[in-house]
Amino acid sequence: MRTDGRLAGGFGFPLGCVAVVAAVIAAKLAPAHPGYAVAAVALAAGAVAVVTTPLATAGAATVGWAVLSGFVYGRAGALVFTAATGWVAVILAGAAGFGLVAGAGWRAVRRDPPVLAEAVVPTPRKAVESGHRRVASL
């Protein structure tokens with residue numbers, strides 16, 4: 001289901017959550033630096049923002065922050081509120097905002113221009129002859 005060229009929030013939010021979790025798992029396979037996971041989640045949040053609604057984008061970015069805070073900067077899913085996770089929130093909000101603007105621009109470019117149709121007036125019909133009588137057939 002699509003609304004105004006976007007994926008509806010009922011489908012966009014789960015898509016964003018799956019994209020965020022997949023990005024964190026892919027980034028954690030090479031655990032050199034937590035910045036890789038942040039970049040992967042920011043990329044996923046921005047990509048989801050292009051195709052879905054702002055509310056679903058905000059939800060996906062929030063889930064992304066919670067996953068990063070709980071499993072990359074913290075351990076065992078316990079949320080960590082530090083300056084680093086504050087910067088992660090700012091980065092994810094910026095990526096989501098950029099994705100929303102990019103998606104709106106893309107939809108504006110792809111939108112078909114309005115077609116101005118000329119009014120077509122049909123030619124008038126001939127009047128019915130008054131002297132004509134109908135004959136009933138058996």
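Me: Which residues of α2 meet which residues of α4?

Reply: In this predicted model, the α2 residues Val38, Val41, Ala42, Gly46, Ala49 and Val50 meet Val88, Ile91, Leu92, Ala95, Ala96, Gly99, Leu100, Ala102, Gly103 and Arg107 of α4. By class, this contact holds twelve nonpolar, three polar and one charged residues.

Me: Why are α2 and α4 called roughly parallel?

Reply: Two packed helices are described by the angle between their axes and the distance between the axes. Helix α2 (residues 34-51) and helix α4 (residues 83-110) pack at about 30°, with axes 7 Å apart. Angles under 35 degrees count as roughly parallel, and α2 and α4 are therefore described in that way. The crossing in which α2 passes α4 is right-handed.

Me: Why is α3 called roughly antiparallel to α4?

Reply: The axes of α3 and α4 cross at roughly 155° and come within 10 Å. Because an angle over 145 degrees counts as roughly antiparallel, α3 is placed in that class relative to α4. The crossing of α3 past α4 is right-handed. On the α3 side, Pro54, Thr57, Ala61, Gly64, Trp65, Leu68 and Ser69 meet residues of α4, namely Thr85, Val88, Ala89, Leu92, Ala96 and Leu100. The residues of this contact comprise nine nonpolar, four polar and no charged.

Me: How do you know that α2 is roughly antiparallel to α3?

Reply: The angle between α2 and α3 is roughly 170°, and their axes come within 9 Å. Angles over 145 degrees are classed as roughly antiparallel, so α2 is roughly antiparallel to α3. The crossing of α2 and α3 is right-handed. Pro34, Ala37, Val38, Val41, Ala45, Val48 and Ala49 of α2 make this contact with Thr57, Ala60, Gly64, Leu68 and Val72 of α3. Its residues divide into ten nonpolar, two polar and no charged.

Me: Why is Ser69 called buried?

Reply: Ser69 has a relative accessible area of 1%. Buried means under 20%, and Ser69 therefore counts as buried. Ser69 lies in helix α3 (residues 54-72). Apart from neighbours within four places in sequence, Ser69 contacts Gly74, Ala78, Leu79, Val80 and Thr85.

Me: How do you know whether Val18 is buried or exposed?

Reply: The relative accessible area of Val18 is 57%. Exposed means over 50%, so Val18 is exposed. Val18 belongs to helix α1. Val18 and Ala60 stand 42 residues apart in sequence, and their C-alpha atoms are 8.9 Å apart in space.

Me: What makes Ala19 partly exposed?

Reply: Ala19 has a relative accessibility of 23%. The buried class lies under 20% and the exposed class over 50%, with partly exposed in between; Ala19 therefore counts as partly exposed. Ala19 is also in helix α1. Leaving out residues up to four places away in sequence, Ala19 touches Ala44 and Val48.

Me: Why is Trp106 called exposed?

Reply: Trp106 has 54% relative accessibility, and exposed means over 50%, so Trp106 counts as exposed. Trp106 is a residue of helix α4. The C-alpha atoms of Trp106 and Val51 are separated by 9.8 Å, although the two residues are 55 positions apart along the chain.

Me: What makes a set of residues a nonpolar core, and which members touch the most others in the largest one?

Reply: Such a core requires buried nonpolar residues, Ala, Val and Leu among them, joined through side-chain atoms within 4.5 Å. The largest nonpolar core has 16 residues, of which Val24, Ala37, Val41, Leu68, Val72, Val88 and Leu92 touch the most other members. Two or more residues come from each of α1 (9-28), α2, α3 and α4. Helix α2 gives the most, with five residues. Ala37 touches Ala27, Leu68 and Val72, when residues up to four places away in sequence are not counted. In soluble globular proteins, nonpolar side chains tend to be buried together.

Me: What pattern does the protein chain follow along the sequence?

Reply: The pattern is β-β-α-α-α-α, with four helices and two strands. Buried residues make up 30% of the 138 residues.

Technical notes
Residues numbered from 1 in each chain as written. Predicted model: local features only at pLDDT ≥ 70, side-chain atom pairs only at ≥ 80, totals over all residues. Heavy atoms only, no water. Buried < 20%, exposed > 50% of the residue type's maximum accessible area, 1.4 Å probe, protein only. Contact = heavy atoms within 4.5 Å. Axes fitted to C-alpha atoms, helices over the stretch in contact; angles between N-to-C directions. Parallel < 35°, antiparallel > 145°, perpendicular 65-115°, else oblique. Left-handed = near helix turned anticlockwise from the far one by under 90°. Nonpolar A, V, L, I, M, F, W, Y, C, P; charged D, E, K, R; others polar.
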